Structures are given as structure tokens and as C-alpha cells.
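Trainee: Hi! Could you walk me through this one while I have it open?
Mentor: Happy to, just ask away.

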Amino acid sequence: MTGAIERFPPFRWTAAVLRRLGLGGRVLVVAVPFLWLLVFFLIPFLVVAKISLSEPAIAMPPYLPLVEWDGARALLTLNFENFAYLLSDPLYLNAYIFSIKVAFVSAVIALLVGYPMAYYIARSPEPRRSLLLTLVILPFWTSFLLRVYAWQGFLRSNGVINNFLLWTGIIDQPLVMLQTDFAVYLGIVYTYLPFMILPLYANLVKLDESLLEASADLGGRPLVTFFHITLPLSMPGIIAGFMLVFVPAIGEFVIPELLGGPDTLMIGRVLWNEFFSNRDWPVASAVAIAMLIVLVVPIMILRSVQADKGETT
Amino acid sequence: MNETVPVALRKPWAGGSEPPFVRIQKITKRFGDFTAVEDVSLDIFKGELFCLLGGSGCGKSTLLRMLAGFETPSSGRIEIDGQDMAGKAPYERPTNMMFQSYALFPHMSVEKNVAYGLQRDGIGRAEAHDRATDMLKMVQLSQFAGRKPHQLSGGQRQRVALARSLVKRPKLLLLDEPLGALDKKLREETQFELVKIQETLGVTFIVVTHDQEEAMTLSTRIGVMNEGVIVQVGEPSEIYEHPGSRFVADFIGSVNLFEGRVTEDKPDYVEIAAPDLGGSIHVGHGVSCTVNQQVWYAIRPEKVRLSRERPESRRNAFEGVIDEVAYLGNLSIFRIRLANGVLVRATRANLSRYDDEALTWDEKVWIAWDDTAGVVLTR
């Protein structure tokens, strides 16, 4: 089953050399995404980690190298001051806590809104189900930035919502909605809702209907059946959806920048300020690394808990 | 009404004053243009083990699901223990169901699965635990109480499902192909276990099955369904020996069917001209038919006698050649080709281990049967 291209000498020789090196087709298939992650994730991460441990300087680039060579000796200077600085200034800690709070509350709201939607879609008959799923994904076809700008138009004091409410006479003063925490929550829930719905849908659509019938048959009223059968069985979907909203929302920059007020201090904005306003690359890198640790540790704990569970379910 | 006499001996369906426990009256169920169940009426008595038997898509499962409350009848009325079931949700009915897929809750242990129904009735944790434990003891699964369903074999899961559906002591237990997923040996064992449990607890069972052997072994009565209609209801022996139609005769067991025309219709005998057999069939009892009417004569293979010599009585005896022999151990099945090419099935019990005289391929034989051995069918 060798095609023309595989008989072509350069290909044949290359393949022979690769095989000699122990790189068969199977290894190469795995190697491509592996290399991709190595080049575009791990190496940049190491660069950022390196910068976070260096000293700031008014130079180009604005930090001192870690390793200095004085002709005979290599001097490695690890500067942990940047991390100590994060702890000393409450601004950073507050930004972390606020980011986590916003992300957590948004994820909870997205779950409460998304679960009934996912449930309804999963229980719909086939042609309508595909249509509803398409509608969930449809917003992705427009630029994310454009959609967040559109919310500005809705939330402004002379925006669509206020104008409508004034016209109906429900209010006589425009509500202040833009540049508040409310707008940030709204923007995050709106933007990330599909990431909640899709994994929940994928889980709920697999739910065996006979289990619900069995529960009803044994005397379970609909609400009891939901809390005892549907909810526990959809836990993997809930966790996946929650993580897909919670994790990116922590580092969110665009939404708090465009919809939030000046005191909406999320970590993404702090990061931006350190990099571009203060040009303090080492502290900015330290902020980024600290955020990664804040995110990765709970995820790893969660994963290990799930892996333990996976053995018994 | 004497409750101590088993229902199989009381035979309340044959007449008497006992009111039926389940009363199905003119039930029809349509799904769009498709009629799954059509105008079914059925009375089932307390303590019965009633089998709904039919091929796939005959409506038997839909009928069962209407009893459980998962489907709403398009028209008609269902009464269980004197109560009208219209508008009652599954969780309000005095029934429990054992699902074909078992539908065990995968995230709960065996014991929690069994106790689930009790806790829904507001029974305390301790009592629910005790009753679930007793039930698991009965189905011999005590040592598996802490396991999850996926850690059990198919037979064990089936017993958990049975325990879960019985633990609430329902008045009526509905079983959807309860033994479908089991292998033959386990199936036979479980059949007898099921009958034993049913007799011990005195619960009324309605079993849906496509397996006629299962229906024969289990049931007090069988309702044969075809295309949404109940074709015949009767005790197993009645269904087997007195089928009311060609469909029932053919569906239950195997049968030889000969088309014919009535030539003589007397009060104590009937004569049928059967071109298939190249002769005439003599029926030794009266049949409600008219001369020249088209009828079918059904005779079971085990009632067809085989012999090398011509039988003394010339009635119902025809000559043929053995076309095929299948040895099944306990019996052998013969296929005999008659002069006009028609094939007739006959079985013979293998009574001896050393049968030198055994009939074999291409031998000339006579087939014959008693004049009461077959059934005359008019539809």
C-alpha cells in the first residue's frame, strides 16, 4: 500500500532515517501537537518565568539578564523581590480575590442559566435540537470584541435599555449600568454561556431516559428525580462547563476594560497596566506566573479527584 | 373467593365471582399515524403471572408502559385494583416495573438502588436499609450490597433490578423482557426462581416477552399479540393445543399447516380434502364449519407418527420420503417430502441410546396421526 510519494527517493530516505531514529508514523502523529505546545506554550511560559525572576531596569528590554558572564564565571541571579512585592502591595491580592470572585459568581450564574437551556436542547426532538445548538454557537460567528461593544450600546445611560424603560415610564432617571460590576458580570456570563451549555448538553444528551422512568416508577416526583438522578449523573458536565467559564474569566481583560468601571480591578487589567503603563516587565511576569499557579493548582486537585472517582464509576 | 388456593387452580378467568385485579378496557394507543395498540380489552386476576407474548413491534411493550403510566392511552380505560388510572403519574401508581435494560442507577450502590423506592415513600433510612438488605438476601446478592451496578455480571444486575422492583411490595409488577439479556442456562434457572418468588410474595406479575418458551414456563395465562391486537388469551396448554388462528398456531411452537376444503360436515366427524397431502383428512369430532368452506389443518410435529410399514388404519396416513434429519439429542426432527413435494415436520423422542433401526435419509416412510391430534382453523 505504498503510494507514489512514498516511493519517491527523498521521502524514502527521510522515512528511513526517521525510522532509524525510532520515529515511526505513530510517534510523529503524537509529536506534532506535542511540539506545537512546546514551542507556543512551554517556551513562552519559561521566558515569562525567567523575566519574573529578573531585576527591572531602564533599558531595552527593560530587565537585567539572569545569567551574567564575567569572563571566567557565570553568575546566576534569581530575584524573588517581584513576588515579594506582589504580597506586599494589597492591590495585587485584592485584584486576585476580586478576579476569582467575579469568575466564580459568573460561572455560577452561567450554570444556573445554562443548565435549563442545555437540558431543554438535549430533550428536544432531532431537527429542532440541531437548530438550537446552532443558535447557541451562532454568536461565535461575530467578533467577540464587536459583541462586547454592542453591550455598551445597550447599557449606556442613553442606550437601548434605558431608552426603552424611560419610554414605558417604569423609570424617570436613566439607570447607571455601564462601568459597573453588574456590566462585567453580564458581559462575562453572556460571552461564556456557550462554553457552559455545550459540555452540559453533551452530557445530558447521553442521559438514559429509562433511568428517569425508573425513578418515577419507584415513586420519585419530577423534582426528586432531578436532584437524585439527573443532577448527580450530569456532574462531569457541570464541572467541565464550570471550568470552561471560570478559568478564562479570571484572566479576562477585554470585558472589564470595556464594560467595567475604573475600580473594577481584575487581574487581567493589572497585568496590562504593569506591562504597558509601568513597563515593569518583571513584576508583570510575576503577576502572570502567580495567576497561573492560582489557576493550575485547583485544576490539578480537581483532576486528581476526578481520576479517583473515574475508577469507581 | 378462596385466597389460599393458587390462582392457577382457582382459574377465576374461566368464570366465577372474583373481580379482575387489572381491567384493561378498549385501550388504543396511536403514535401519529401509527397505531401501536388497538382496542385491547383484558382482565387479569390477583396472583396471576400473565405473559404478553408477541414479536417485536406488536405493541406489547407499549401496553405495559401504559400500565406503568409512561404512556397515556389515546382512548380506553385502565383500572388497577378497582382504581381508575387515568391521569395518574407513574409515581402515583401501585405498580413497579422491571426494565428491559434494568435501568439501575449507575451512581448508586446496589443497596442504595434497592432502597431508593422505599426512601421515596418517606421510609426512614434505617428501615429502608433493613428492607433492602432482606430483599438482597432473597435474590442472593447480600455480599454485593456495596458494589456499583457496573461491577456486577448481567445475571446479578437482573436480580438487583428484580429486588428493586419488588422491595416496595407493589400490587402489580410489570416486567419488560426480564430475562432477555441472560444466557440460556441462567435464563432457565431464573425462570423458576421468578415463579417461586411470585408465588411466595403473591404479587401479580405481567411479563412482556417475545420468547414463547419463556411464556410457556412462566405464566398462568398467555395473551398473544400481533400488530397491536390481542389475538388469543389462554392458559399455556390451551394456547398450544387449541390455537384459535393460523398466526397463534405458527407463533407458538412449530406446526404443520395444510390448506383444505370441507367435504363432509357431520356432528361427530369432519372430512377435509387437502391437496397438499394428496388425500383427505379425517377429523374425529365435530367442527363449526360448513361444507366447501376453506379451512386449515394444523398438526404439531410431535403428534405425527412415523413408520416404515403402512399403518393399519388408512385414515390420516400418507406416504413420503425422509428429506432431512436433525438430531437434537433428546429428540430428532424429521422432514418428510410427500409425493407432491410438500414437506411435513415430525419429531420423535430418542428413547434408546442404541437405535440401530433409526430412520435415516431417503427412506420411504408413512406419516400418520390420530383423528383428534390436529386442529381445524378457519382463520
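Trainee: What do the buried residues of H10(A) pack against?
Mentor: This is a predicted model, so keep that in mind throughout. In chain A, the buried residues of H10(A) pack against helix H5 (90-123) and helix H11 (222-233). In chain B they pack against H2, S6, helix H3 (110-120) and H5.

Trainee: Nice. How many of the nine residues of H10 of chain A are buried?
Mentor: Eight of the nine, so helix H10 (residues 209-217) of chain A is mostly covered. Among the buried ones are A:Leu211, A:Leu212, A:Glu213 and A:Asp217.

Trainee: And what follows H10(A)?
Mentor: A:Gly219 follows that helix, and its phi is positive, near 105°.

Trainee: You mentioned H2 of chain B. Why is that helix largely enclosed?
Mentor: Helix H2 (residues 60-68) of chain B has eight of its nine residues buried, so the rest of the structure largely encloses it. The buried set includes B:Lys60 and B:Arg65 as well as B:Leu63, B:Leu64 and B:Met66. B:Gly69 follows H2(B) and has a positive phi, near 100°.

Trainee: Switching to the sheet in chain B: what's the strand order?
Mentor: The order is S6-S7-S8-S3-S9-S10, six strands in an open sheet with mixed pairing. Strand S6 (95-98) and strand S10 (229-234) of chain B are at the edges with a single partner strand each, so one side of each has no neighbour in the sheet. From one strand to the next, the twist averages 20°.

Trainee: Which helix packs on that sheet, touching S6, S7 and S8?
Mentor: That's helix H5 (residues 154-166) of chain B, which touches S6, strand S7 (172-176) and strand S8 (204-209). The direction of H5 makes about 175° with that of S6(B).

Trainee: What about S3(B), is it buried or exposed?
Mentor: Buried: five of the five residues of S3(B) are, so the strand is largely enclosed by the rest of the structure. Both faces are covered, with B:Leu49, B:Cys51 and B:Leu53 on one side and B:Phe50 and B:Leu52 on the other.

Trainee: How does S3 pair with S9 in chain B?
Mentor: Strand S3 (residues 49-53) and strand S9 (residues 221-226) of chain B pair in the parallel sense over four bridges. B:Cys51 has B:Ile222 as its bridge partner in S9(B), and B:Leu53 stands opposite B:Val224.

Trainee: And over how many bridges does S3(B) pair with S8(B)?
Mentor: Five, again in the parallel sense. One place to look is B:Leu52, which stands opposite B:Val208 in S8(B).

Trainee: I clicked on B:Pro170. Where is it found?
Mentor: B:Pro170 is in the loop between H5 and S7 of chain B.

Trainee: Buried or exposed?
Mentor: B:Pro170 is buried, because its relative accessible area is 8%, under the 20% cut-off.

Trainee: Which residues is B:Pro170 in contact with, leaving aside neighbours within four places in sequence?
Mentor: Those are B:Pro94, B:Thr95, B:Asn96, B:Ser165 and B:Val203. There's also B:Met97, 73 residues away in sequence and 9.3 Å from B:Pro170 in space, C-alpha to C-alpha.

Trainee: Last one: which residues make the nonpolar surface patch in chain A?
Mentor: The patch covers about 1100 Å², and its members include A:Leu35, A:Trp36, A:Phe40, A:Phe41, A:Ile43 and A:Val47. A:Val47 lies in helix H3 (residues 25-52) of chain A. A:Val47 is partly exposed, with a relative accessible area of 40%.

Terms used. Residues numbered from 1 in each chain as written. Chains lettered and ligands numbered in written order. Predicted model: local features only at pLDDT ≥ 70, side-chain atom pairs only at ≥ 80, totals over all residues. Heavy atoms only, no water. Pairing = 2+ DSSP bridges. Helix = DSSP H or I, 4+ residues; strand = E, 2+ residues; numbered from the N terminus. Axes fitted to C-alpha atoms, helices over the stretch in contact; angles between N-to-C directions. Contact = heavy atoms within 4.5 Å. Patch = residues over 30% accessible without salt bridge, like charges linked within 9 Å, V, L, I, M, F, W, Y side chains within 5 Å. Areas by Shrake-Rupley, 256 points an atom, 1.4 Å probe, with all protein chains shown as cover. Salt bridge = Lys/Arg side-chain N within 4 Å of Asp/Glu carboxyl O. Buried < 20%, exposed > 50% of the residue type's maximum accessible area, 1.4 Å probe, protein only.
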